[in-house]
Amino acid sequence: MTDQKPKERKKLSLKTRTLLLTEAGYRCAVPTCRGILALDMHHIWEVNAGGGDDPSNLIALCPTCHALYHRGTITEDSIYIWKSMLTSLSQAFDREAIDNLLFLHSTPTASLALSGDGVLHFSRLIAAGLATYVCKANNAWQLVTYVVVLTEKGQQLITAWKSGNRELLEKALNEEN
Ligand SMILES: [Zn+2]
C-alpha cells in the first residue's frame, strides 16, 4: 500500500466496473441510446466536487452520451433518473427482460408474432404486469402464434423512463392498479 493521493482520480476497480456494466446490461444507461460501444463510467456527483467511486455514484455511459451530458444536452436530473431506474429494474429483471421492455416499446406490435416458447422470454414482464399477450390462431388451430404487447402501465413506465423526466416517472410509478 502506498500513501493516499486524495486529489488524484483513481482507476476504478474491476469489481466496480463489472457491477456497473452488469447493472446497465453492458449498454449505455441512456434508455433511448443503449449503445454498446466502449462505455465510460460517469461520476454522477463529480469527483472535483467530492463525489466518490461508490457504485451508487457511477453510471455507464457511451462516449456520445457522456459528451452530451458535459455539453448540457443531457441534464443532471435525467442522469439521476436513469440511474435510479436502472438500479431498480436490474434488481427486478434480468438483462434480457430490460432489453425486451425497450424493444416492445419501439416495435409496432402487429409485426411481432411469437411461438409459445417466444412468449416465455417475456414471462418476467408479463408477471410484473408490464406486458401481456394475445393468442392468435388460424381457423383450424393448426398455427397458433402469440402477440406480446406492453400494458398501459408498461407503456407509461417506459415513456417516462425514456423521457428522463422526474414528474412523468413519479406519475407512472404512482399509478398502481
Ligand atoms: Zn449512449
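Trainee: Which spacing do the donors of the zinc ion follow along the chain?

Mentor: This is a predicted model. Its zinc ion is coordinated by the SG atoms of Cys28, Cys33, Cys62 and Cys65. Along the chain, these donors follow the spacing C-x4-C-x28-C-x2-C.

Trainee: What is the site of the zinc ion, judged by the angles among its four donor atoms?

Mentor: The donors coordinate the zinc ion at 2.3 to 2.4 Å. Four donors count as tetrahedral if all angles lie between 85 and 135 degrees. Here the angles among the four donor atoms are 106 to 116°, and the site is tetrahedral.

Trainee: Is Cys28 buried or exposed?

Mentor: Buried means under 20% relative accessible area. Cys28 has 0% relative accessibility, so Cys28 counts as buried.

Trainee: What does Cys33 count as, given its relative accessibility?

Mentor: A residue is exposed over 50% relative accessible area and buried under 20%. Cys33 has 32% relative accessibility and therefore counts as partly exposed.

Trainee: How many disulfides does the count come to?

Mentor: A disulfide is a pair of cysteine sulfur atoms within 2.5 Å. By this rule, the number of disulfides is zero.

Trainee: Which residues is Leu125 in contact with, leaving aside neighbours within four places in sequence?

Mentor: Leu125 is among the residues with the most contacts inside the largest nonpolar core. Once neighbours within four places in sequence are left aside, its contacts are Phe93, Ala97, Asn100, Leu101, Leu130 and Ala131.

Trainee: What separates the C-alpha atoms of Leu20 and Ala60?

Mentor: Leu20 sits in helix H1 and is buried, with a relative accessible area of 1%. Not counting residues up to four places away in sequence, Leu20 touches Met41, Pro55, Leu58, Ile59, Ala60 and Lys83. Leu20 and Ala60 are 40 residues apart along the chain, and their C-alpha atoms are separated by 6.4 Å.

Definitions and conventions: Residues are numbered from 1 along each chain as its sequence is written. This is a predicted model: local features need pLDDT of at least 70, side-chain atom pairs count only at pLDDT 80 or more; totals for chains, interfaces and linings use all residues. Side-chain values use heavy atoms; hydrogens and water are left out. Donors are N, O and S atoms within 2.8 Å of the metal (3.2 Å for Na, K and Ca); water is not among the atoms, so sites may look incomplete. Four donors count as tetrahedral if all angles lie between 85 and 135 degrees; four count as square planar and six as octahedral if opposite donors are over 155 degrees apart and all others between 65 and 115; anything else is irregular. Buried means under 20% relative accessible area, exposed over 50%, partly exposed in between (1.4 Å probe, protein chains only). A nonpolar core is a set of buried Ala, Val, Leu, Ile, Met, Phe, Trp, Tyr and Cys residues joined through side-chain atoms within 4.5 Å. Contact means heavy atoms within 4.5 Å. Helices (H or I, at least four residues) and strands (E, at least two) are DSSP runs, numbered from the N terminus.
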